[in-house]
Structure formats: structure tokens, C-alpha cells
Amino acid sequence: MTAFPALVPLDAPLLVGYSGGVDSTVLLHWLWRCAQASGTPLRAMHVHHGLQPAADDWVRHCQQQCAALGIELAVHHVQVDDTTGLGLEGAARQARRAAFAAELREGETLALAQHQDDQAETFLLRALRGSGVDGLAAMSARSRLGEHHLWRPLLSTPRTALLDYAQQHALQWIEDPSNAEDHADRNFLRLQVLPLLRQRWPHAAAALAGSATHCRQTRELLDEEDAELIAHLEVAPRVLSLQLLRQVSPGRAARVLRAWVIGNGAAPLPATVLQQALEELLPADTDRQARVRWQDHVIQQWRDHAYLLPARLPSLPLDWQAAWDGRAPLPLPDGGQLSLLGASAFEQPLQVRARVGGERILLPGRQHSHALKDCLQRERLAPWRRAQLPLIFDGPQLLAAADVVIAAPLQAWLQANEAQLRWRPGGW
């Protein structure tokens with residue numbers, strides 16, 4: 001049996017998640033002792049879910065315990081949205097994570113009280129849901145919540161050791177009555193399945209947690225390979241070469257797509273959407289424009305590349321226009337920006353407006369104007385980018401379509417002044 005860990009030196013200020021239950025009570029007391037020895041700042045945070053009649057009493061209990069130790073306590077009231085499809089437990093977990101992210105201060109690490117038995121339950125839950133190596137890796141002792149470190153220092157410690165610690169130090173905690181109900185999947189495993197497994201295999205929780213560790217080590221190796229492959233496949237930010245992606249096995253392609261979207265800040269790809277992406281994006285047909293969507297993002301196929309885009313990409317209003325002298329970057333209605341670099345200003349203010357169609361432009365070295373639409377096609381500008389394209393006019397004369405197509409007069413002026421235009425579309 002693994003003993004409760006000794007005091008450890010702390011090298012960063014901590015925010016401890018404190019529900020008032022025995023697990024977080026033990027964590028808070030132990031880290032308080034560590035902080036006292038290290039001289040490290042420590043705060044606690046309680047999340048009021050409003051799901052139990054005694055929730056207000058739990059807040060008062062946590063306030064009293066923290067006051068007795070001289071620990072600053074923050075209390076966050078959250079609304080648990082049970083309509084997200086995550087279930088009540090999943091929705092509550094999502095609300096807690098959002099509250100923690102909002103409370104964390106610069107440089108603080110979030111400490112949570114999950115232990116070895118929690119890890120075993122998580123491994124079983126994910127195995128029963130058919131998870132692969134990534135899911136079976138379960139929880140990590142060290143991970144991140146946004147820009148902050150997340151630490152689970154007791155993840156290798158069995159719950160019996162936490163109970164021994166609580167009794168040894170005469171700690172006081174609250175009991176959530178919902179923990180005695182087995183209708184929730186995790187509670188069913190905790191109350192019914194794991195006790196039965198322990199009758200036959202006393203060290204079942206440690207073994208299951210050990211399997212999670214082996215899966216995590218495998219996942220880390222695969223993640224390194226995925227990162228190297230993505231660096232080869234990603235031809236521009238958020239743009240993958242489908243021609244290159246087809247050269248790897250379907251299993252590797254699936255891992256790459258999952259890692260690619262997460263690495264770019266999008267929500268993880270659900271299994272059904274991932275399968276749809278593999279079936280619709282990988283067939284070798286450069287004229288296809290397949291599109292898969294989940295939550296706030298889409299993967300759009302165009303010219304044999306996969307683009308990761310916001311599901312609702314903004315565009316410029318057709319009636320929008322603005323005067324611009326180039327002295328400062330021009331903010332665009334879609335959240336983008338148009339800038340003049342290398343010169344203080346244009347010789348006179350120009351007009352910037354949205355593209356409405358039918359525009360013509362005189363290109364350098366040409367005697368006659370050309371349809372802007374044809375120029376954009378030659379430049380291979382994606383259709384969704386064309387809807388965001390700001391056009392620069394001098395009176396009726398089109399001088400530029402952002403920095404994509406530039407007319408002869410403006411190109412000559414930019415070269416003479418060693419200047420350039422730069423366009424950053426909104427929504428990226």
C-alpha cells in the first residue's frame with residue numbers, strides 16, 4: 001500500500017480546489033503544511049454549484065476551516081447547464097473548470113485532489129466507452145488549464161491513505177449525500193464495481209491506475225511523433241496538405257487530425273466527426289470542397305488542403321466603407337486589420353470598402369484592366385477569404401484588394417517608398 005506522501009517543497013503560489021469533502025480537505029491541509037515550510041503563498045477556492053440543499057452550509061464550513069488555518073478562500077457561484085449533452089456530472093465539471101480559470105492569478109498553479117482510486121475509476125469509465133490509448137491515459141499529475149499549470153499531487157495515493165491522514169490530523173469535512181447514490185456512472189463504479197473487484201484483486205485500483213500510466217507513456221511517445229508529422233504536413237498556420245496526409249496510414253492520419261485541431265485551440269474532434277473527416281477529406285479529388293463541422297469550428301477542404309476555420313467566419317458588410325490615410329492601422333468590421341508598413345502615410349486619404357463584385361483592376365505591366373474575380377482565382381485565394389477582402393480605392397480607381405492583388409499605380413508608389421500593405425483577416 002502506498003503511504004501518504006511527505007511534505008514537498010513548493011516553488012509557485014497555489015490555488016487549491018476545496019469542495020469541503022475529505023479528499024480536498026486532506027489536500028488543502030497537506031499543502032498548507034508544505035506552504036508553511038516553503039514560505040509559498042497558498043489560497044483556496046470553493047465552487048458553489050447550487051445542486052444540493054446544503055450548498056450554502058458547505059460554503060460556511062469551508063470558510064470556517066480556511067479561517068482557522070489563515071487561508072484566503074474565494075467562493076464562486078456557478079450555473080450548471082444540464083442541456084449540453086455532457087450529463088450533470090460533466091456539466092458540473094465544465095462549470096468548475098471555467099470558474100477555476102477565471103479565479104487563477106498570474107503565476108499560480110491549480111492543485112486538485114484526485115487520487116489513485118479516482119484514476120482507476122476514470123480508466124474504467126473510458127475503457128467502457130471504448131476509448132483508445134489517449135483516453136485510457138486518464139488523468140495526468142501535471143497538465144495545464146489554459147495558461148496555468150494544473151497539479152494533482154495525490155494521483156498516486158490511495159484513498160485509504162487520505163482517510164488515515166484525515167483521522168491522524170483530526171480534520172473535519174462534509175459528506176455530499178449524492179456520493180452515496182449509484183445512478184451516476186462514476187458513483188456506480190465506486191460503490192458497486194471497485195469493491196467487488198477488490199474482493200478478488202485487493203490491489204485492483206493500483207493496477208488500473210498503473211495501466212493508465214502505461215497508456216500515458218505510450219501516448220506521450222505518439223504525441224511526439226504526431227508533432228513531428230504535423231510540422232511536415234502543415235504548409236501554413238491552420239492549413240494541412242491533404243496530398244501529404246494521404247501518404248500516412250489511416251490510423252496515423254486520425255491521430256494527426258485530432259492533434260492538429262487541439263494544437264490550434266479548437267475543441268477535440270468527436271469520434272463521429274473524425275470518421276466523417278477521414279471519409280470525406282482524404283479521397284484524392286482536388287475539386288472536392290468537403291466540409292465537416294463540430295462546435296465552433298469547421299475543417300474546410302479547398303484545393304487539396306484542409307483549412308481549420310471558425311464555424312462562423314465574419315465577412316465585411318457590403319455597405320461598409322472608411323477613409324484611410326495609412327498613418328495608423330485601419331480596424332476592419334470583421335475584427336481584422338489593414339496596415340501600411342514602411343511609410344508614414346499615403347499622399348492623400350484613400351477609401352476602403354467591401355467587395356461587391358464586378359470590380360476591375362489595372363495590373364503592373366498590363367495595358368488593360370482585368371476582372372478582379374479572375375485575379376483572385378489566379379492568386380488561389382480561398383472563397384471564404386474573398387468575402388473578407390477589403391478593397392482600396394482612389395475615387396473610382398481600384399488600387400488594391402488588400403495585399404493580395406495590387407494595381408500598377410499603387411505598386412509603383414509602394415516600391416518608390418519601400419513600403420508594403422499588410423492585411424490580417426478577422427476571425428483567425
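**Strand pairing and its surroundings**

Strand S14 (residues 337–341) runs antiparallel to S21, and 5 bridges join the two. The model is a predicted one, in which local features need pLDDT of at least 70 and side-chain atom pairs pLDDT 80 or more, whereas totals for chains, interfaces and linings use all residues. Residues are numbered from 1 along each chain as its sequence is written, and side-chain values use heavy atoms, with hydrogens and water left out. Strands (E, at least two residues) and helices (H or I, at least four) are DSSP runs numbered from the N terminus; two strands pair if DSSP finds at least two bridges between them.

Strand S12 (residues 321–324) and strand S15 (residues 350–354) are joined by 4 bridges, with Trp324 opposite Leu350 in S15. S15 is in turn joined by 4 bridges to strand S18 (residues 390–394), which runs antiparallel to it; here Gln351 is partnered by Phe393 in S18.

Among the helices, H10 (residues 250–263) and H11 (residues 271–281) pack with axes 10 Å apart, at an angle of about 120°. H10 is therefore oblique to H11 (under 35 degrees is roughly parallel, over 145 roughly antiparallel, 65 to 115 roughly perpendicular, and the rest oblique). Axes are lines fitted to C-alpha atoms over the stretch in contact, with angles from 0 to 180 degrees between N-to-C directions. Ala253, Ala254, Leu257 and Arg258 of H10 meet Leu274, Ala277 and Leu278 of H11 (contact means heavy atoms within 4.5 Å).

Helix H4 (residues 116–128) and helix H7 (residues 185–200) have axes that come within 10 Å and cross at roughly 105°, and these two helices are therefore roughly perpendicular to each other. Residues of H4 in this contact include Asp117, Asp118 and Glu121, while those of H7 include Asp185, Arg186 and Arg190.

Turning to the rings, there are 7 aromatic pairs. One of them is edge-to-face, because the rings of Tyr307 and Trp384 have their centres 5.0 Å apart and their planes at 75°. This pair links distant parts of the chain, 77 residues apart: Tyr307 lies in strand S11 (residues 305–310) and Trp384 in helix H13 (residues 383–386). Rings of Phe, Tyr and Trp (its six-membered ring) pair if their centres lie within 6.5 Å; planes under 30 degrees apart are stacked, over 60 edge-to-face, and the rest tilted.
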